Amino acid sequence: MAAKQKTLQDAFYETLKDVYYAEKQSVRALKKSAKAAQHDELRQAFKTHAEESAGQVERLQQVFEIIGKPARAKTCEAMQGLTSEMEEDLEDFGDSPAADAVLAGCAQAVEHYEIARYGTLKTWATQLGYDDAAKLLDETLQEEKKTDQLLTEIAERINAEGSEEDAEDADEGEVKGKSRRATKASDDIEDEDADENKGKGRRKVA
Ligand SMILES: [Fe+2]
């Protein structure tokens, strides 16, 4: 007799096990990131999402219950890869001024993986008629998206502050605050350059 054909129901259960593993691992990665982060806002974002993720693990347990299957974790190679990249980046950049930016980037890679997985699981849950499970998965999906957005905003602020400090270091010996004014005025300078080039162009033509 031919082996029983696998169904969407089987795919749902297998993916659920994968995400269960991934989520547990992301709680550990977030706690580690919170310890490594220098910037207060970034550290707080990691702490908050570590707590949130512990709740997401519980939601997954509820989904296992809804489909009447045991809550089991299956090694998620993707999350293992993402977290080992994070370890590597921490070794390479841990003491550098780019450390926080690198950490935020690693965390966003994890969020994007989770967003992809929860999006799929939510759709499949609806298709399989597990409306309560779909609702739980959507709650987590929204938290992941919100975290990703927050990390984008924090990373932009960290990088802006970082480049300001770089500019100040470069201007060492010159009048203090000059570089800050230059940074703020950089947009105007760019506009002036553009105008100047236009002028040059016109002169060339003439
Ligand atoms: Fe998560």
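Begin by selecting the buried residues of helix 2: Leu42, Ala45, Phe46, His49, Ser53, Gln56, Leu60 and Val63. A residue is buried if 20 or more other C-beta atoms, placed from the backbone, lie within 10 Å of its own. Helices are DSSP runs of H or I with at least four residues, numbered from the N terminus. An α-helix has 3.6 residues a turn, so residues three or four places apart point the same way.

This is a predicted model, in which local features need pLDDT of at least 70 and side-chain atom pairs count only at pLDDT 80 or more, while totals for chains, interfaces and linings use all residues. Numbering starts from 1 along each chain as its sequence is written.

Next, select all of helix 2, residues 40-66. Its 27 residues should span 39 Å at 1.5 Å a residue, and the end C-alpha atoms agree, being 39 Å apart; the expected span is 1.5 Å times one less than the number of residues. Just after helix 2, stop at glycine 68, which has a positive phi of about 70°.

Now display helix 1 (residues 8-36) with helix 4 (residues 99-127), whose axes come within 10 Å and cross at roughly 155°. The axes are lines fitted to C-alpha atoms over the stretch in contact, with angles from 0 to 180 degrees between N-to-C directions. The two helices are therefore roughly antiparallel, a term for angles over 145 degrees.

Finally, show the whole protein: seven helices and zero strands, with 25% of its 206 residues buried.

Note on methods:
Buried ≥ 20, exposed ≤ 12 C-beta atoms within 10 Å, placed from the backbone. Parallel < 35°, antiparallel > 145°, perpendicular 65-115°, else oblique.
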